[in-house]
Amino acid sequence: FFCQGRSRPPPRPRRCQPTAPMLAFNVKTTEPVPVEERLRRHVDTSRFPSGHAFLKDLQGWREKMRSQRFGTNGAEAVRDGQLRYYALATHAEHHFRTVDLKNEAKVVFRWYDTFSTRRFVDQPDWAFERASVLFNVAGALSYLATSQERGDPEQIKLACRYFQEASGVINELRKIASSASWLSFTPDMTDDFLEALSCIMLAQAQKCFYEKAVADGRSHAIVAKLAAECAALYQDAGLKLKAPLLQEAISSEWLAVVDWNRALFDGVQNYYAATALGEAGEYGACVSRLTHAVNRTAEAVNMCQRHSAALQKQFRDAHALAKDAHAKAKKDNDSIYFDRVPPYATLPKLPRHALVKPLRPEGLDVPPPEAPPSPEKPDIIGAAAAFGAASLDGTPPPPSFDEASSAGVEDLVAMGFSKEAASAALAQCKGSVQEAAALLVDS
């Protein structure tokens, strides 16, 4: 009887697909600055013949950028308008690089914090202006991402891309700020917050892959690894947001949503991983992971109990599935398998698989101001509209399949894909394991 019991596979848990809210952030606001009037006398027409026309264009786009809002203009228009002004501000930084903005031109840029809207910083610095505009570009991308209907297969792909582009823009902002001369920052422009914000955007992009894998009925082994990466990203973001300044300044709702997701995905990864343990005959470890899944999803339920009933239902459903699976697994182990249940702390960490990375929108690549526009490439407005993505660090494309080692196939097989499917996906993606995994999850 004992041996027969061990040969009987445990019941397969149902799938839980938490669709907890995703975060977007608003644009920063700024005061008017008469840049055209105050820089006009610094134009050297012999060196810069179109200088006055440029200043007029710069002033006009700054006013347009300053007044843009998601509700009245739409997130796409905000993104494209901010990118257009970003390009002009980048050129202005070059054209007026010898001008002392503070003492000679009396040009000072004031930007307000997006959360604590009474806080502001004044800086006579084009880099500060450009960095603040990039914050708004990232905000528009986050809004575009959260506006997608994630139940639609195409829209969830868009949401995933927009979140990764938002992370890429934030990382570009951090590079500008790290080499800048200014010392004063609003809380939303501190490196701690920007690093956490980039991490949150990636966590939400990874969650899009997770949700699609669940909806497509992918194996529990694959879903567990995607959920484990979500849990790790939310954990990292939560730790970075613990800085006292951020705890005081950042919206409490933001901090709460990160905590909900951190608890939820810690539970969900163990819920899915428990299936593989049960099928492998590790019934005690299966019960241990399901116990942890029940506890962590219960924490998520408790944390969001003051919020809307619709939101609570999503967390309660995930908890109910984990609780049901745990009851069945415990009953079988107590009556059939009698396997020792190890303490959860002694179990190995679950493997993670990241399918996301920061992406750099083409609109950030501003051509040199002296260079004539290339007929073969779109101008900055066209680039902003097309808004494709490239690798953030500008690295060359991944190696060909012939150059890639067999480790790529082994990695994909370990995720639960067949060797044939893994080989074909790697060939199609030129040896990139990350892209091949995304292709397989998406197919």
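**Entry 1. Helices H8 and H9**

I looked up H8 and H9 first: they run roughly antiparallel to each other, a label for angles over 145 degrees. The model is predicted, so I kept its limits in view: local features need pLDDT of at least 70, side-chain atom pairs count only at pLDDT 80 or more, and totals for chains, interfaces and linings use all residues. Residues are numbered from 1 along each chain as its sequence is written, and side-chain values use heavy atoms, with hydrogens and water left out.

H8 covers residues 153–178 and H9 covers residues 191–215. Their axes come within 9 Å and cross at roughly 160 degrees. I took axes as lines fitted to C-alpha atoms over the stretch in contact, with angles from 0 to 180 degrees between N-to-C directions. Helices here are DSSP runs of H or I, at least four residues, numbered from the N terminus. I noted the crossing as left-handed: the near helix is turned anticlockwise from the far one by less than a right angle. I sorted the contact of H8 with H9 by class and found 15 nonpolar, five polar and six charged residues.

**Entry 2. Salt bridges across the chain**

I found 24 salt bridges in the structure. Each is a side-chain nitrogen of Lys or Arg within 4 Å of a carboxyl oxygen of Asp or Glu.

I picked out lysine 28 and aspartate 188, whose closest N and O atoms are 3.0 Å apart. They sit 160 residues apart: lysine 28 is in the loop between H1 (2–7) and H2 (35–39), and aspartate 188 is in the loop between H8 and H9. Lysine 28 counts as buried at 3% relative accessibility, and aspartate 188 counts as buried at 0%. Buried means under 20% relative accessible area, exposed over 50%, partly exposed in between (1.4 Å probe, protein chains only).

Next I checked arginine 150, which bridges to glutamate 211 at 2.8 Å between the closest N and O atoms. Arginine 150 lies in the loop between H7 (126–146) and H8, and glutamate 211 lies in H9, 61 residues apart. Both arginine 150 and glutamate 211 are buried.

I then turned to aspartate 317 and lysine 313, which form a salt bridge at 2.8 Å, N to O. They are four residues apart in H14 (residues 309–337), so about one helical turn separates them. Aspartate 317 is partly exposed, with a relative accessible area of 37%.

Last, I traced a network: Glu172, Lys175, Arg360 and Asp365 are joined by salt bridges that share partners.

Technical notes: Helices (H or I, at least four residues) and strands (E, at least two) are DSSP runs, numbered from the N terminus. Angles under 35 degrees count as roughly parallel, over 145 as roughly antiparallel, 65 to 115 as roughly perpendicular and the rest as oblique. Ala, Val, Leu, Ile, Met, Phe, Trp, Tyr, Cys and Pro count as nonpolar, Asp, Glu, Lys and Arg as charged, and the others, Gly among them, as polar.
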